Amino acid sequence: MTYSNAVLNEANRDAHLQDPRTHVVSAVGAVGTGKSSLLNAMAGERIFRTGEAYATTLEIESQVRPWKYAPTTKYVHMIDTPGLCDTSARDRQNVQEMVRYFKSLAFGVSAFLLVFDIKDIRLDAYTQDMLNLFQQLLGKDFWNFVVIIFTHVDEEVRDELDDAIEAVLDPTDGFVAELTRIFKLSPKTFVPNLIFTTTQNVRMSSYGQRQIRELYNSVVRCEARNDHRRFNCTWLRQILAHQTEDEKDDFIVGSIMGAWSSMATNVCRLQ
Ligand SMILES: Nc1nc2c(ncn2[C@@H]2O[C@H](COP(=O)(O)OP(=O)(O)O)[C@@H](O)[C@H]2O)c(=O)[nH]1
Ligand SMILES: [Mg+2]
């Protein structure tokens, strides 16, 4: 089943997708970090399945909704992902999901939401591999569209998390500094917004709503910083240039395999 058959099934959907005012965000990160919960909080609706169980999100899903806590009416196309690029699961199903994922980016991306659980902030091998693959396929410009989100910063535990938040924000040893080192980014140009939020009971909590509004502002800032354009790149345009779905799929699979084989020798992983 192709992405377009499986997912683009709502009335008005294409119009919203092609409207440059619609934000396009994709939540990526390891399983269980709160990606689906975060997108639900942004929409103020339970759209995406969430849960304790291993890998509740099994495939790429995308929906267009108004941003719930935005100051003006703005639509957001939310792309939810399962744990992409899980190296232990480099099977056909996994590659197929990645094919659908990259096709879903065809309209460009306002922001890649990189989601972590504040209680587990290691840049684990999974996440490093994923980011490495993105960098190889999408080019370094993709880093300019990254917003980093730490979930599980619930209001009642916020005080206890002060140390963890400070550690993440540390200019020399913090999260951004580590990403900068691992991926050899320029500290001058890699200045992503960091959001610390809860995804739970946001409808009932002005604290949660404030954080989600802050996330909205970060996505707006991300676009503004990039001349009000969505992220796009040669490789994504090459996908579109292929005529049939099969040709598109083969092209993406070939690129992923090529990137993986070069990563196997070049991957620079922090132990
Ligand atoms: N307390 C708390 N739990 C959260 C938060 N975000 C996610 N969770 C829980 O973490 C689990 C995994 O969330 P989910 O959205 O399914 O993660 P995903 O696999 O990244 O999509 C679920 O049980 C969520 O209820 C948060 O901000 N605070
Ligand atoms: Mg999920």
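**Entry 1**

I looked up the exposure of D227 and found the residue exposed, with a relative accessible area of 65%. Here buried means under 20% relative accessible area, exposed over 50%, and partly exposed in between, with a 1.4 Å probe and protein chains only. The model is predicted: local features need pLDDT of at least 70, side-chain atom pairs count only at pLDDT 80 or more, and totals for chains, interfaces and linings use all residues. Side-chain values use heavy atoms, with hydrogens and water left out; residues are numbered from 1 along each chain as its sequence is written, while chains are lettered from A and ligands numbered from 1 in the order in which they are written.

I noted that D227 has a positive phi of about 55 degrees, although D227 is not a glycine. I placed D227 in the loop between α8 (206–225) and α9 (234–241). Helices (H or I, at least four residues) and strands (E, at least two) are DSSP runs, numbered from the N terminus.

I then checked H228, which is found in the loop between α8 and α9. Its phi is near 55 degrees, a positive value in a residue other than glycine. H228 is exposed, with a relative accessible area of 64%.

**Entry 2: Ligand 1**

Which residues come nearest to ligand 1? I recorded G32, K35, S37, D154 and T199, out of 19 residues around the ligand; a residue is near if one of its heavy atoms lies within 4 Å. By class, this shell divides into two nonpolar, 14 polar and three charged residues. In this scheme Ala, Val, Leu, Ile, Met, Phe, Trp, Tyr, Cys and Pro count as nonpolar, Asp, Glu, Lys and Arg as charged, and the others, Gly among them, as polar. Helix α3 (residues 35–43) gives the most to the shell, with three residues.

I listed the polar contacts next, a polar contact being a pair of N or O atoms within 3.5 Å; within protein, one must be able to donate a hydrogen and the other to accept it, and residues adjacent in sequence count only if both atoms are side-chain atoms. An N or O atom in the side chain of S37 is 2.5 Å from an oxygen atom of ligand 1. For D154, a side-chain N or O atom is 2.6 Å from a nitrogen atom of the ligand. A polar side-chain atom of T199 lies 2.7 Å from a nitrogen atom of ligand 1. I noted that the protein covers 87% of the 580 Å² of accessible area that ligand 1 has on its own, by the Shrake-Rupley method with a 1.4 Å probe; for residues, only the protein chains shown count as cover.

**Entry 3: D117**

I found D117 in strand β4 (residues 111–117). At 14% relative accessibility, D117 counts as buried. D117 touches T33, T151 and H152, not counting residues up to four places away in sequence; contact means heavy atoms within 4.5 Å. A polar atom of the D117 side chain lies 2.8 Å from the backbone nitrogen of K119. The C-alpha atoms of D117 and A30, 87 residues apart along the chain, are separated by 9.3 Å.

**Entry 4: Cysteines and the whole chain**

I counted zero disulfides in the structure, a disulfide being a pair of cysteine sulfur atoms within 2.5 Å. C222 counts as buried at 1% relative accessibility, and C233 is buried at 9%.

I counted ten helices and six strands in the chain. Of its 271 residues, 55% count as buried.
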